[in-house]
Structure formats: structure tokens, C-alpha cells
Amino acid sequence: MPDTINLAPGLASIALDTIPIIDIAPLLAGDMAPAAAIGQACREIGFFYIKNHGIPQELINRVYESARRFFALPAEEKEKSAIEHSACHRGWFRIGGENLDPAKQQQAGDLKEGFKIGRDLPLTHPRVQAGLPLHGPNLWPDLPGWRTVMQDYYDRLVELGKTILGAFAIALGLEKTYFEPWLGIPMTTLGPLHYPPQTGRITEAQLGAGAHTDYGCLTLLHQDSSGGLQVQGLDGRWISAPPIPGTLVVNIGDMMERWTNGVFRSTPHRVINISGQERYSLPFFFDPDFYAPVECLPTCLQPGEMPKYQPTTAGQHLLDMINASFKYHQEKA
Ligand code: OGA
Ligand code: NI
């Protein structure tokens, strides 16, 4: 008998056309015209889809295949590249290891496992030698071809992230190259996720991903065909952000909201996998250099307005956020 699904009140989502689909083919060719639509989406809903993003579907398929292969390994095998073994937040975290909604209802952590792949810096790199947090080598599972596929996707997403950031700069009334000085050694992370299907009574005590905003600057997400991603509209209603073939979902994180003094919105979202199948997704978090100053951009302060946030750095901001949602990191700190 199929398992029944019983969603607690407030966990359903509605279909609304508020998340725009933006064709970024011009951007990739150096024409900044899409920046206007991107800016509007960032101000209004904080989420948009991009199409014609230039990442081959065939590569995306191979990344999923690799992710599936890893997550299907026995726990003892995955344990060898567990995040607890990393000094710089890389590797596998088990189900419940991340809790994206710790302040509210979630006690058990998210019903998902994942794998963090960052900028692969050797131990001899000056920043690693200096002990800079979040900098260092990746942990690579012992699976043939795995590293090559992930690294290829990672490298392309770094470039795509830079292109989108150029559009953000234009949309904010800045030079296209405004953010470039802060992209020296960007802190970019590919974090494949696996969500088991959720059945029975589902409450906010445990969701696939608890309601959260992303920590960083911008997120580029590919989701498989399962669905389950929900985005909170300004009126508080949860809107479904279904997978749309040929697109990536882009959203603003807290760091960008802070940098823009709230002009761009970092919007709450969550995942509930009620598809009855295993769900995989590929979030890519694009963050600038550790030392990038995150303080109100010159174009984001209206006359008479005060900055809403204290200045910080990209690195400090990320450390604060990771500490709040990863148990192992709190124990280490
Ligand atoms: C995240 C996230 C959405 C998804 O990892 O921050 O919101 O579809 N993921 O997995
Ligand atoms: Ni998120």
C-alpha cells in the first residue's frame, strides 16, 4: 500500500507566476540588457529562473549521476569523506547534519544529506598556511571520474556566477566590473543534496530543508524533476518553484541583502519532497573573496537613510551563518 502523505496546515504551496524566467543569452554575449529584469526580480521576489545559461544538460546529467552514485554508497564508505574530517567545511554531511531552520520548529535537522565541494586549495596555499577559515583542500570520494565531473561543473558555475554578479552591478547602478576586485579567491561551493521521499504526517518539526534564507551572495540551483521547492512571497504565502527544464533557479542570499542595504531581497524558501521518489538537487553558492567588505553599497542608500546593517566581511558573515546551522561546526567552535 502506498504511504499516505498528510501535510500539516501551512505546508502546502500555491502555483503563481511571480518567479520570472529570464533569458540570459544576451548576458553571455556581453549585452547587459537582461540586467533590468534581473534587478526587478531581485528587488521584488529575490528569485528568478535563468534560461539559455550555457551549461550543457549533458554535463548536468553527469553531475546528477555522480551525486547519486555517492549518496548510494554505504554509510561507512561515505564516512571516509565526512565533513567532520575537514578543516574547511568540505565533504559529506549526513541526514540531519544541517538544520536550516534551527530557530523555529525543526529539532531533528533537515531531512537531507549533502556534500560540500569548495575551491580546492592545496595545503601549501598561503591562505591555507595562514589558517584562514573555509580555505583548503576538498575531500574527494574514491569514485572514478567523480572529481573531474564535479570540478567541471563547479568551474562553469563560477564563471556563470561572475556573469550574474556583473548584471547585479548594472542593476544597482554600478559599473559592471564593480564586484570584480572582490572576486580574487571567491568562496564558491557546490553542494549536491539528496532528499529521501517524505511520507506520513509532515510538520515543520522536520522538512527536507527547513524554511531558511541562503547565507551568501547568490545561489544557482539545479533541481531534478521531483519538485518540492517553495518560496515565500511578500504576503507570506508559499509559492511553488517547480523544476523547469533548461533552467536554473537563481536567488539572493543574506550577504547580498546586507550589501544592498535590503534593496535586493533574500527570500525564505524550503523543500518538502512529497514526490514519492528520491530527490536530488545541485545548489551552487557564489560568495566573494573572504576579505570582501560587506557594507552598504554607495547606490543603495537613499538621502536621509541610514545603513541597516553593521559592516562585515564576506568571510565573517559566512562563518557566522555556518555556525548557526551546522552542529559539528558549533561543537568545533
Ligand atoms: C539550499 C536550498 C533547495 C533545493 O540548499 O539552500 O535551498 O532545491 N536548496 O535543494
Ligand atoms: Ni536555500
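## A buried tryptophan to start

Trp92 has a relative accessibility of 5% and therefore counts as buried, a label given to residues under 20% relative accessible area, with exposed meaning over 50% and partly exposed in between (1.4 Å probe, protein chains only). The residue lies in strand S4; helices (H or I, at least four residues) and strands (E, at least two) are DSSP runs, numbered from the N terminus. Trp92 and Glu79 are 13 residues apart in sequence, and their C-alpha atoms are 7.3 Å apart in space.

Before going further, a word on the model and its numbering. This is a predicted model, in which local features need pLDDT of at least 70 and side-chain atom pairs count only at pLDDT 80 or more, while totals for chains, interfaces and linings use all residues. Residues are numbered from 1 along each chain as its sequence is written, chains are lettered from A and ligands numbered from 1 in the order in which they are written, and side-chain values use heavy atoms, with hydrogens and water left out.

## The surroundings of ligand 1

Which residues surround ligand 1? They are Leu193, Tyr195, His212, Asp214, Leu221, His269, Val271, Arg279, Ser281, Pro283 and Phe285, where a residue is near a molecule if one of its heavy atoms lies within 4 Å of it. By class, this shell holds six nonpolar, three polar and two charged residues. Here Ala, Val, Leu, Ile, Met, Phe, Trp, Tyr, Cys and Pro count as nonpolar, Asp, Glu, Lys and Arg as charged, and the others, Gly among them, as polar.

Strands S7 (193-195), S14 (269-271) and S15 (279-289) each supply at least two residues of the shell around ligand 1. Of the elements involved, S15 gives the most, with four residues.

## Oxygen contacts and cover

An oxygen atom of ligand 1 is 2.6 Å from an N or O atom in the side chain of Tyr195. For Arg279, the distance from a side-chain N or O atom to an oxygen atom of ligand 1 is 2.9 Å, and for Asp214 it is 3.0 Å. The protein covers 95% of the 290 Å² of accessible area that ligand 1 has on its own; accessible areas come from the Shrake-Rupley method with a 1.4 Å probe, and for residues, only the protein chains shown count as cover.

Lys112 is found in the loop between strand S4 (91-93) and strand S5 (113-116). Is Lys112 buried or exposed? Its relative accessibility is 1%, so Lys112 counts as buried. The side chains of Lys112 and Glu98 are joined by a polar contact of 2.5 Å. Such a contact is a pair of N or O atoms within 3.5 Å; within protein, one must be able to donate a hydrogen and the other to accept it, and residues adjacent in sequence count only if both atoms are side-chain atoms.

Ala67, in helix H3, is likewise buried, because its relative accessibility is 1%.

## Loop residues

Two asparagines have positive phi values. Phi of Asn52 is near 55°, and this residue is found in the loop between strand S3 (47-51) and helix H3 (57-71). Asn52 is partly exposed because its relative accessible area is 42%. Asn261 has a positive phi of about 55° although it is not a glycine, and its place is in the loop between helix H7 (254-259) and S14. With a relative accessible area of 2%, Asn261 is buried.

Ala29, in the loop between helix H1 (25-28) and helix H2 (35-44), counts as exposed because its relative accessibility is 66%. Thr199 lies in the loop between S7 and strand S8 (200-202). Thr199 and Thr4 are 195 residues apart in sequence, with 6.1 Å between their C-alpha atoms.
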